[in-house]
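My notes follow the display.

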Amino acid sequence: MAIKKFDTKALDLILEKMIETVGDSKDEIFRIGEECRTDYESITDELIEIKRKVAQIINDGDKLDIRVRKARLRLSEVSKRFKDYSEEQVREAYEVAHKLQMDLTMARQLEKQLREKRDDLERRLIGLNETIERADHLVSQISVVMNYMMSDIRQMGEALETAKEKQDFGLKIIAAQEDERKRLSREIHDGPAQMMANVMMRSDLIEKIYKERGTDEAIQEIKRMKKMVRSALYEVRRIIYDLRPMALDDLGLIPTLKKYLQTIEEYHRTTRIQFTNIGEDRRLPSNYEVALFRIIQESVQNALKHADAMTIQVKLEIKKDHIMAVIKDDGKGFDMTESKPESFGLLGIRERVALLEGELTIHSKIGTGTLVILQIPMNL
């Protein structure tokens with residue numbers, strides 16, 4: 001059978017389409033940040049004017065207060081020596097004192113309103129500044145994601161040795177790339193981008209809540225908005241980890257696993273993740289470290305997403321001639337006798353273990369959790 005010429009332009013086209021959706025999400029977050037900056041500048045100018053008015057009304061009020069006191073003394077003097085003044089003078093003293101008192105009351109009320117508006121603008125500026133910082137950070141993180149996507153896929157192409165291997169591997173990776181592109185597009189659109197859009201809506205809602213329901217409910221709304229931004233930040237970090245954790249190349253498998261599992265545990269507060277390394281703490285070849293990390297990562301994610309596990313135990317043993325990993329959860333388990341198509345994640349685990357010439361064993365029963373055991377020989 002003749003081998004068709006591999007079209008490298010087709011791979012480049014796939015790559016461009018895959019990162020296009022991620023790039024659109026990045027542009028959307030950048031647009032949100034720019035809108036926040038515009039609002040920030042507008043509110044800053046308004047705040048400067050409000051502060052000027054507050055200072056002016058305070059100064060005018062103080063002067064008016066002095067006049068009110070003098071008018072009251074005049075009225076008191078007229079009242080005590082009523083017979084010494086004409087009816088016109090008494091009426092004039094009373095009207096002047098009354099008018100000045102009314103003017104002072106209105107001035108103090110206006111001062112109060114201006115102070116409240118000033119405080120509200122300052123709170124909005126704080127919220128907008130936080131949103132701008134978060135948006136900038138998300139744009140930066142998504143840029144890192146896109147760089148890793150491009151780098152990893154190009155390295156795959158360089159690693160293929162023959163035209164036939166490139167063709168066979170290309171057919172598999174096209175489907176995987178499309179799935180990954182859809183997943184990234186959906187996760188970024190439904191996650192960080194949607195959350196940032198909600199942050200903008202909530203920032204406007206806070207002002208309304210403050211005016212209609214008071215400070216306490218406005219503060220609660222601010223806390224909910226902060227929680228949403230934290231979730232968006234976590235989602236971006238999780239996407240980066242799913243592509244390739246940067247610490248894996250710098251620190252190695254053990255430290256990266258510890259940090260990853262700790263981060264997952266902090267996010268899933270209802271699930272406890274225990275990690276134990278009972279072997280040697282040493283660096284492995286890059287292909288071993290990547291494969292082991294992906295296998296453990298996928299197994300833990302399956303336990304979290306599908307098993308509703310309360311506790312997940314991860315044990316790793318690195319010896320001179322072999323590597324052994326055990327992932328155990330106390331989730332709802334599944335019936336292994338049922339015949340059903342394997343998930344993409346489980347297929348990926350089996351393929352990675354097979355590439356390393358290892359053995360994979362899975363034990364599970366409904367109500368008793370799942371046990372994943374893999375043994376990989378060190379053929380170095």
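**Entry 1: Thr-131**

I am working from a predicted model, not an experimental one. I then looked up where Thr-131 sits: it belongs to helix H2, residues 87-159. Next I listed its contacts, leaving out residues up to four places away in sequence. Thr-131 touches Cys-36, Met-196, Val-199 and Met-200.

**Entry 2: the whole chain**

I counted 8 helices and 5 strands. Reading from the N terminus, I get the order α-α-α-α-α-α-β-α-β-β-α-β-β. The chain has 380 residues, and 38% of them are buried. I also looked at contacts between residues at least 6 apart in sequence. Of these, 75% join residues at least 24 apart.

**Entry 3: H6 against H7**

How are two packed helices described? I use the angle between their axes and the distance between the axes. I took helix H6, residues 253-267, and helix H7, residues 286-305. Their axes are 11 Å apart, and the packing angle is about 20°. That angle is under 35 degrees, so I call H6 roughly parallel to H7. I noted the crossing of H6 and H7 as right-handed.

Which residues meet there? On the H6 side I list Leu-253, Thr-256, Leu-257, Tyr-260, Leu-261 and Ile-264. On the H7 side I list Glu-289, Leu-292, Phe-293, Ile-296, Gln-297, Val-300, Gln-301 and Leu-304. I sorted the residues of this H6 and H7 contact by type: 10 are nonpolar, 3 polar and 1 charged.

I checked the length of H7 next. With 20 residues at 1.5 Å a residue, H7 should span 28 Å. Its end C-alpha atoms are 28 Å apart, so the two values agree. Is H7 enclosed or open to the outside? I find 15 of its 20 residues buried, so H7 is largely enclosed by the rest of the structure.

**Entry 4: Ile-373**

Ile-373 lies in strand S5, residues 369-377. I asked how far Ile-373 is from Lys-315 in space. The C-alpha to C-alpha distance is 9.7 Å, and the pair is 58 residues apart in sequence. I listed the contacts of Ile-373 too, again without residues up to four places away in sequence. Ile-373 touches Met-324, Ala-325, Val-326, Glu-359, Leu-360 and Thr-361.

How values were computed
Residues numbered from 1 in each chain as written. Predicted model: local features only at pLDDT ≥ 70, side-chain atom pairs only at ≥ 80, totals over all residues. Heavy atoms only, no water. Axes fitted to C-alpha atoms, helices over the stretch in contact; angles between N-to-C directions. Helix = DSSP H or I, 4+ residues; strand = E, 2+ residues; numbered from the N terminus. Parallel < 35°, antiparallel > 145°, perpendicular 65-115°, else oblique. Left-handed = near helix turned anticlockwise from the far one by under 90°. Contact = heavy atoms within 4.5 Å. Nonpolar A, V, L, I, M, F, W, Y, C, P; charged D, E, K, R; others polar. Expected span 1.5 Å × (residues − 1). Buried < 20%, exposed > 50% of the residue type's maximum accessible area, 1.4 Å probe, protein only.
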